[in-house]
Amino acid sequence: MSAGTFTPAPGAAPVSRMILAQTALETRMLLRNGEQLLLTVIIPALLLVLFSAVDIVDTNAENAVDFLAPGILALAVMSTAFTGQAIATGFDRRYGVLKRLGASPLPRWALMAAKTLSVLVTEVLQIALLTVIALALGWSPQGNPLAVAALVLLGTAAFSGLGLLMAGTLRAEATLAAANLVFLLLLVGGGVIVPMEKFPEGVRSVLELLPISALSDGLREVLQHGAGLPWGDVAVLAAWAVLGLGAAAKLFRWE
């Protein structure tokens, strides 16, 4: 055995390993946070069960869950990628966590990549749970899973950009209030539970341009009606993704 066998080799870990470690940390922190768990899992699940079991809103569908399930899936994506990420990142910024991580060997772009991967992992868990609940309620999904995955990824990009933009420009307390307010407003006016046809035509034409409306409608076209990829909704989501991520990259403040 040579003398140098146990010689230390200090240095940063590969970036890929750092991203995976940070992703695991971000995911564990999110799943251990009771408020985030309420927002991302419990509220969507309760809404799905309640509105499927009780005839509160006329969905114009033979089976209410066929209309509601795609909208609740869209709500779950928004709750994690936008509301949850905005609040968590906003308070990380306030307490100096982002500044300290920015001075570590983990590059800033890698930190954002880890946060995005954490969002995707959480969404997979959300979608799996909500799908099981919806199937138990009698849901009969149609369409191509690849089209669903494309819509979810585009919706995640759009909401992540908007969430990071809010977290990186507003104070943490303002982000908390604004993110929750937007969540409630889009829950009502984004086609999640209430069909867009229930709104006046002038209002509907504006609401249909929102990312939650495009994601809800797109998932509904695929999962309820068995359609192919809805390119109109894809275009709306892509536009929001480009605008949100571009603005966040330019305006995000780390301190």
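A pocket, as used here, is an open set of grid points with protein on both sides within 12 Å along at least five of seven lines, and its lining residues have an atom within 4 Å of a point. The structure is a predicted model.

**Exercise 1.** Describe the largest pocket by its volume, its lining and the helices that contribute to it.

*Solution.* 
Step 1. The volume of the largest pocket is about 470 Å³.
Step 2. Its lining comprises 22 residues, and those nearest the centre are Asn33, Gln36, Gly84, Ile87 and Ala88.
Step 3. Two or more lining residues come from each of helices H1 (15-32), H2 (34-53), H3 (64-94), H5 (108-136) and H7 (172-189). H3 supplies the largest share, eight residues.
Step 4. Sorted by class, the lining holds 10 nonpolar, eight polar and four charged residues.

**Exercise 2.** Determine how H9 and H10 pack against each other.

*Solution.* 
Step 1. Helix H9 (residues 211-223) meets helix H10 (residues 231-251) at an angle of about 145 degrees, and the axes are 9 Å apart.
Step 2. Their crossing is left-handed.
Step 3. H9 makes the contact through Pro211, Ala214, Leu215, Asp217 and Gly218, and H10 through Asp233, Val236, Leu237 and Trp240.
Step 4. This contact has six nonpolar, one polar and two charged residues.

How values were computed. Residues are numbered from 1 along each chain as its sequence is written. This is a predicted model: local features need pLDDT of at least 70, side-chain atom pairs count only at pLDDT 80 or more; totals for chains, interfaces and linings use all residues. Side-chain values use heavy atoms; hydrogens and water are left out. Axes are lines fitted to C-alpha atoms, for helices over the stretch in contact, and angles run from 0 to 180 degrees between N-to-C directions. Helices (H or I, at least four residues) and strands (E, at least two) are DSSP runs, numbered from the N terminus. A crossing is left-handed if the near helix is turned anticlockwise from the far one by less than a right angle, and right-handed if clockwise. Contact means heavy atoms within 4.5 Å. Ala, Val, Leu, Ile, Met, Phe, Trp, Tyr, Cys and Pro count as nonpolar, Asp, Glu, Lys and Arg as charged, and the others, Gly among them, as polar. On a 1 Å grid over the protein atoms alone, a cavity is a set of points where a 1.4 Å probe fits but cannot get out, and a pocket is an open set with protein on both sides within 12 Å along at least five of seven lines; lining residues have an atom within 4 Å of a point. Grid points are joined across faces, edges and corners, and a volume is the space filled by probe spheres set on the points.
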